[in-house]
Amino acid sequence: AETLADLLVADLKAGSASLRQQIPSLLQGLVERGTLLQIDHEYRLQTRESADWEEDFRRRLSAARADDARLGSERAEAFKKAVGDALRSVSLVQGHSRVARKYRLEFGLEMPRVDGESLPVWVQDEWTTSERAMRDAAQHAGVDSPVVFVLIPKRDADELREQMAALLAATETLNTRPNPTTAEGFEARQSMDYRKVVAEGKVKNLVIGLLEKARVMQGGGTEISESGFAAAVRTGLEAS
């Protein structure tokens, strides 16, 4: 993109700043339409072999977009992994003797049981329940409940859906096509691998962003305000 901006500049005194802002989005549009391949930060013209890979990807992308159940399952797994990663460093001790306490993550649709041995962190999302329903459940549990209630908001839903579909399609394409034997084939595979990495990164960033906007409540419905998701859950667990 930077090279193209320098080559296309018409006014040397003005420079290529405006072109540098326009060209990346134009190139990305050509990639999305299948005119160009992207490998890392380079763009290359499609070859006959890469066009076959692109056609395979487009077919799988269309199928993934239409599969609500599969996308819902992938989204739920992404939330589970992100919550687990975010809370991995959270450890609890209680009292002057600093007795270790445990907590457990619960993602089911039913209120988790309280067993007296570990503190439940009940994680739900607005794809499957509403904020009002979650708040009602927290209020109904009462102020003596040790359950920490977490609700992930339904934001950036279309973008998350699209990137998950792209990730599924790229992964399937890579896993099902035979290993290439030509330079054009290796180039096509590199481009598809890069597409997978990009989609994976976008899904991860979107999910992390949703976690940072999650509502964290204690029994009784009191919402916890902290600078970050892990800090809010830790505060709730310490109170519990």
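1. Phenylalanine 79 counts as buried, because its relative accessibility is 3% (buried means under 20% relative accessible area, with a 1.4 Å probe and protein chains only). The model is predicted: local features need pLDDT of at least 70 and side-chain atom pairs pLDDT 80 or more, while totals for chains, interfaces and linings use all residues. Residues are numbered from 1 along each chain as its sequence is written, and side-chain values use heavy atoms, without hydrogens and water.

2. A search of the whole structure gives two aromatic pairs (ring centres of Phe, Tyr or the six-membered ring of Trp within 6.5 Å; planes under 30 degrees apart are stacked, over 60 edge-to-face, the rest tilted). One of them joins phenylalanine 79 and tryptophan 127, tilted, at 5.6 Å centre to centre and 50° between the planes. Phenylalanine 79 belongs to helix 4 and tryptophan 127 to the loop between strand 5 and helix 5, so the pair ties together parts 48 residues apart in sequence.

3. Helix 2 bends by about 25° at isoleucine 23, and proline 24 follows within four residues (the bend is the angle between axes fitted to the seven residues ending there and the seven starting there). Ile23, Leu27, Gly29 and Val31 of this helix are buried.

4. After helix 2 comes glycine 34, with a positive phi near 85°. The backbone oxygen of glycine 34 is reached by the side chain of glutamine 46 at 3.0 Å. Glutamine 46 sits in the loop between strand 2 and helix 3.

5. Arginine 195 lies over the face of phenylalanine 57, 4.3 Å from the ring centre (CZ of Arg or NZ of Lys within 6 Å of the centre and within 35 degrees of the ring normal).

How values were computed. Helices (H or I, at least four residues) and strands (E, at least two) are DSSP runs, numbered from the N terminus. Buried means under 20% relative accessible area, exposed over 50%, partly exposed in between (1.4 Å probe, protein chains only). A polar contact is a pair of N or O atoms within 3.5 Å; within protein, one must be able to donate a hydrogen and the other to accept it, and residues adjacent in sequence count only if both atoms are side-chain atoms.
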